[in-house]
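Time to open my notebook and look up a few things in this one. I'll go pair by pair, then zoom out.

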Amino acid sequence: MKARIESGKIIKYSQIPNTIVSNGKTYVNAKRLASDELEELGFFDVIVPEYDPITEVIHNLHFDNAHPSPTPEDEDATREVFTYDKKTKVISETVAELKISQIKALKKVAYDKLSLTDWYAIRKAENGTDIPASVVTERDGIRNSVATKESEINALTTKASILKYDINF
Amino acid sequence: MARINIGVGAEPNDGNGDTLRDAFVAVNSMTTEIYGADFVDYDKLAGEFTTSAAIAASDVDFSSAAVFTKTITGTTTLTFSNVETGMVKTLVISGDASLAMTGVTTLNGDYSGTASKNIIQIVSTNGSSEMFATISNVA
């Protein structure tokens, strides 16, 4: 992605427009312009900084005329780019509320897994047909996993750790 | 020569009109002038209205041809010289590279790098300071 400042605003382009009007010239088939030619026309790469989307947000897209861009030849090299600042995400829920939310999501995962073999249990209840041992083992495993993970979630103490906890199994 | 009016009288057969001979002498003298040195046909148009020329470098000289051709292989910037208001020139451009046209302020249509030809017509509405272009693609 590239961006350019137009009429005082930063405009992002997922692809280079076919026609560019700049400095009294009209460029056609502009997508074939080389990066350095595009930079002469004000188009620079948009660099998204590494960030944790669970606990951080990116904001304030701006032009950075000395963005670190190390190369094998020059570790201190910089270049001109558009980039974002990042900041800690404000999480309005309390720790307890986040735990409840995660445990609810965990149980939804377990429900979906158990649903696949529920018919064995229904048949057992209606006809007395035994549930295959492998299915019993599988369903017990699902319930044990839920119990284990629920305990692990309840033991967490920070919002970030709760949000990052993997409920899938 | 001023236009010659052929007398036809006031009403049919009143005897006041020119003779047939006099009338056609007048017609001949006027058509001779029309088809004479001032008569404009294609052969009399200057090369800037009738010829096609390859763009050798980057300048499109409006006074040199009517149609200009070029195949581009890398980013190419065209400049335009001897532009006069009202002139229309045709560029026939091929090649999958970017083309910059200096002084063209408004463009209608898209250039296609995969088309066999891009027909670009440029018209000047105010000398070299205001030129408009339209592009058509030939598959």
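**Entry 1: a salt-bridge network**

I started with A:Lys2, A:Asp45 and A:Arg79, which are linked in a network of salt bridges. For my own record, a salt bridge here is a side-chain nitrogen of Lys or Arg within 4 Å of a carboxyl oxygen of Asp or Glu. I looked up A:Asp45 and A:Arg79, and their side chains meet at 3.0 Å, N to O. This pair links distant parts of the chain: A:Asp45 sits in strand β5 (residues 44-47) of chain A and A:Arg79 in strand β7 (residues 78-88) of chain A, 34 residues apart. Helices (H or I, at least four residues) and strands (E, at least two) are DSSP runs, numbered from the N terminus.

My cut-offs: buried is under 20% relative accessible area, exposed is over 50%, and partly exposed is in between (1.4 Å probe, protein chains only).

Before going on, I noted how the model was handled. It is a predicted model, where local features need pLDDT of at least 70 and side-chain atom pairs count only at pLDDT 80 or more, while totals for chains, interfaces and linings use all residues. Residues are numbered from 1 along each chain as its sequence is written, chains are lettered from A and ligands numbered from 1 in the order in which they are written, and side-chain values use heavy atoms, with hydrogens and water left out.

**Entry 2: more salt bridges**

Next I checked A:Lys164 and A:Asp52, whose side chains form a salt bridge at 2.7 Å, N to O. A:Lys164 is in helix α5 (residues 159-164) of chain A and A:Asp52 is in the loop between β5 and β6 (56-68) of chain A, so the pair ties together parts that are 112 residues apart in sequence. A:Lys164 is partly exposed, at 46% relative accessibility.

**Entry 3: A:Arg139**

I found A:Arg139 in helix α4 of chain A. Why does A:Arg139 count as buried? Its relative accessibility is 10%, and the cut-off for buried is under 20%.

Its side chain forms a salt bridge with A:Asp118 (3.0 Å, N to O). A:Asp118 lies in helix α3 of chain A and A:Arg139 in helix α4 of chain A, so the pair ties together parts that are 21 residues apart in sequence. A:Asp118 is partly exposed, with a relative accessible area of 27%.

The side chain of A:Arg139 also has a polar contact of 2.7 Å with that of A:Thr117. A polar contact is a pair of N or O atoms within 3.5 Å; within protein, one must be able to donate a hydrogen and the other to accept it, and residues adjacent in sequence count only if both atoms are side-chain atoms. Leaving aside neighbours within four places in sequence, I listed what A:Arg139 is in contact with (heavy atoms within 4.5 Å): A:Leu114, A:Thr117, A:Asp118 and A:Ala121.

**Entry 4: helix α4**

I checked the length of helix α4 (residues 133-155) of chain A. At 1.5 Å a residue, its 23 residues should span 33 Å, and its end C-alpha atoms are 33 Å apart, which agrees. The expected span is 1.5 Å times one less than the number of residues.

Its buried residues are A:Val135, A:Arg139, A:Ile142, A:Val146, A:Lys149 and A:Ile153. An α-helix has 3.6 residues a turn, so residues three or four places apart point the same way. What covers the buried residues of α4(A) includes α2 (95-115) and α3 (118-127) of chain A.

**Entry 5: chain A meets chain B**

The contact takes 12 residues from chain A and 19 residues from chain B. A:Thr26, A:Val28 and A:Asn29 supply 44% of the area that chain A buries against chain B, more than any other three residues. Buried area is the accessible area (1.4 Å probe) that two parts lose on being put together, summed over both.

I found 1 salt bridge across the interface. A:Arg32 and B:Asp96 meet in a salt bridge through their side chains (2.8 Å, N to O).
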